[in-house]
Amino acid sequence: MAILVPPEIPPAAVSAALTTTNVRVTSSFRGARIVLYGAVFDPAERPSDVVVIVRGPDAPLRLARKTKVAGIWVNSRPVVFEGAPGFYMAASTKPLGEIASFGTLRRLGAGVDHLAINAPLEERIETRYGVRDVVVSRLGQDYLDWRRAVVRLKEESGLYAADDRGVSFVDKGLFRAEIDLPTAAPIGVYTAEIFLFQNGQPVSRRMRGLTVEKAGIERALYLFAHNRPWSYGLASVAIALAAGWAASVAFRRN
Amino acid sequence: MDIYLPIAEVSVNAPVLIALGAAVGFISGLFGIGGGFLMTPVLIFLGIPPVVAVASEANHVAASSTSGVISYTRRKAVDFRMGGVLAAGGAVGSFIGVEIFRWLRLLGQADLVVSLSYLIFLGVIGALMFSESLSSILRRRRGEAPKRRKDRRPPWLYGLPFKMRFPRSRLYISVIPPIALGVFVGILSAIMGVGGGFVLVPAMVYILRMPAGVVVGTSLFQIIITTSLTSVLQAGRNQTVDVVLATLLLIGGVLGAQVGARASSRFRAEELRALLALIVLAVGLRMGLGLFFTPAEPFVLMAGNG
């Protein structure tokens, strides 16, 4: 078999590791910075670009637009968007548009513009211009505005980020990128995909996992609140009543 | 020192929250109110999700009201029977309010209803209370005798069935008005994250015509029952009570309430009422006027599951 492979140039490969694979959310959690290190192996030293895509667990979200009704600003009926990750970061060695074509980026879901966020409940199938089964969004012309608003609001809260200089080569073939998790980063399993691009094509790909989980007392309280909500409610009221009583007793002595 | 809240899932500055709890507790002790109408907007302003702020605040109000009610009990200034009847209505109101709040969240209209409720209730009550206290301050300055309170109670209070005796309030009235009042306050408590003292106290004085001495204590007693129930219901139905947040607030709150209760004897009642009226008006306008301005960001993001 080996005889059949052209012997001249072995394919380029990428390899990477995270400094932390388990982020523990405790009472002192104020976000986390994770460093990703990686190396490009290419004996031919062809020009290489690295793209790092980090995705948090998917979380459906609802978006409403404020509209003026009888002089006051009220929320419109919320639109449910699916396929939006709870956290998303795209970092690359140079702007994504210079690394690969639109179609390639769209296929890989690379970059906030290529996230597969859509509002399935707002879609209906119609016959248009004589073509059957055309998917039409009820949001109509404004659909792009809505989609852009999702990305903009997520970026403002630090949950989505795109940094076209976020991956830097620190030495020959050795690169690093930083992943900044804000305090609001959702709990769950994250994936970091590392793509090596040469000549506009992804030639090598690595996947790394990352877990964000509540730990210690935070975890205990969170589980208590969700697994036994009624006992949790009773316990929190008991604390409140006991504290009120204790304060009144303490002040009476003075 | 920042601390991560397990349910709200945000990081907050612990000393700031304790100080806020103490300040609101002081006001609460001074005026004999729960203080929820002040704390909930502040929490929302600090970036705590409104649903968590509303639910956890009910827990904080329960604590500071307990702290206050014990000293009123010692002075025999609590009508437990009237408080019990109000609380029975309050319990029904909390159930309805928590369900309404769930439904509004699913519709995405919770923010609007919270803002509108603040604007309407705080605006109207603040304005009424301010004009009433201002006129009695002016009358006293001019050296006129205070206006005699009309002891004639509205006839409809007596026309209704199911009468009950309330010896401490010296009343013999139908239970329908206090129960209806309780239901109304219970609903407000769940939707606005307040104890409802700012509605209850004037209603007890002007509608039920209870003696001024027992009004504040009885209001606090009913608030404890309603907010405790709201807390349990919010935790059970919506899982939105953050016990760490509530505990931080109540540490300051229960102490502030005691200091405030002591300070209250140094002021005249109508001056206190005028000051409270201004605070109520300011909060109502701050929460509600935003509805009239063009928002900088036309879109609002909400959690997917409501």
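Biologist: Which residue of strand 13 of chain A is the bridge partner of A:Ser168?

Modeller: As a general idea, strands of a sheet pair through backbone hydrogen bonds, either parallel or antiparallel. Here A:Ser168 has A:Arg176 in strand 13 of chain A as its bridge partner. Strand 12 and strand 13 (residues 174-181) of chain A run antiparallel, joined by 4 bridges; two strands pair if DSSP finds at least two bridges between them. In their hairpin, with 2 residues between the strands, A:Gly173 has a positive phi near 75°.

Biologist: And how should I take the numbering and the model itself?

Modeller: Residues are numbered from 1 along each chain as its sequence is written, while chains are lettered from A and ligands numbered from 1 in the order in which they are written. This is a predicted model, in which local features need pLDDT of at least 70 and side-chain atom pairs count only at pLDDT 80 or more, whereas totals for chains, interfaces and linings use all residues. Helices (H or I, at least four residues) and strands (E, at least two) are DSSP runs, numbered from the N terminus.

Biologist: In what order do the 4 strands of the open sheet with antiparallel pairing lie in chain A?

Modeller: The order is 1-3-13-12. Its edges are strand 1 (13-18) and strand 12 (167-171) of chain A, each pairing on one side only. From one strand to the next the twist averages 30°. At the strand 1 end, 6 bridges pair strand 1 with strand 3 (residues 32-41) of chain A in the antiparallel sense, and A:Ala16 has A:Gly38 as its bridge partner.

Biologist: What is the pairing in the open sheet of 6 strands of chain A?

Modeller: That pairing is mixed, and the order is 2-15-14-4-8-11. Strand 2 and strand 11 (160-163) of chain A are the edge strands, and the twist averages 15° from one strand to the next. Within this sheet, strand 14 (residues 188-198) and strand 15 of chain A run antiparallel with 11 bridges; A:Thr191 is partnered by A:Gly209.

Biologist: Now the helices: at roughly what angle do the axes of helix 4 and helix 7 of chain B cross?

Modeller: Two packed helices are described by the angle between their axes and the distance between the axes. For helix 4 (residues 80-107) and helix 7 (residues 176-192) of chain B, the axes cross at roughly 40° and come within 6 Å. Axes are lines fitted to C-alpha atoms, for helices over the stretch in contact, with angles from 0 to 180 degrees between N-to-C directions. The two helices of chain B are therefore oblique to each other (under 35 degrees is roughly parallel, over 145 roughly antiparallel, 65 to 115 roughly perpendicular, the rest oblique). Their contact has 21 nonpolar, 8 polar and no charged residues; Ala, Val, Leu, Ile, Met, Phe, Trp, Tyr, Cys and Pro count as nonpolar, Asp, Glu, Lys and Arg as charged, and the others, Gly among them, as polar.

Biologist: How many residues does the contact take from chain A and from chain B?

Modeller: Chain A gives 48 residues and chain B gives 46, where a contact means C-beta atoms, placed from the backbone, within 7 Å. The side of chain A divides into 30 nonpolar, 11 polar and 7 charged residues.

Technical notes: Contact = placed C-beta atoms within 7 Å.
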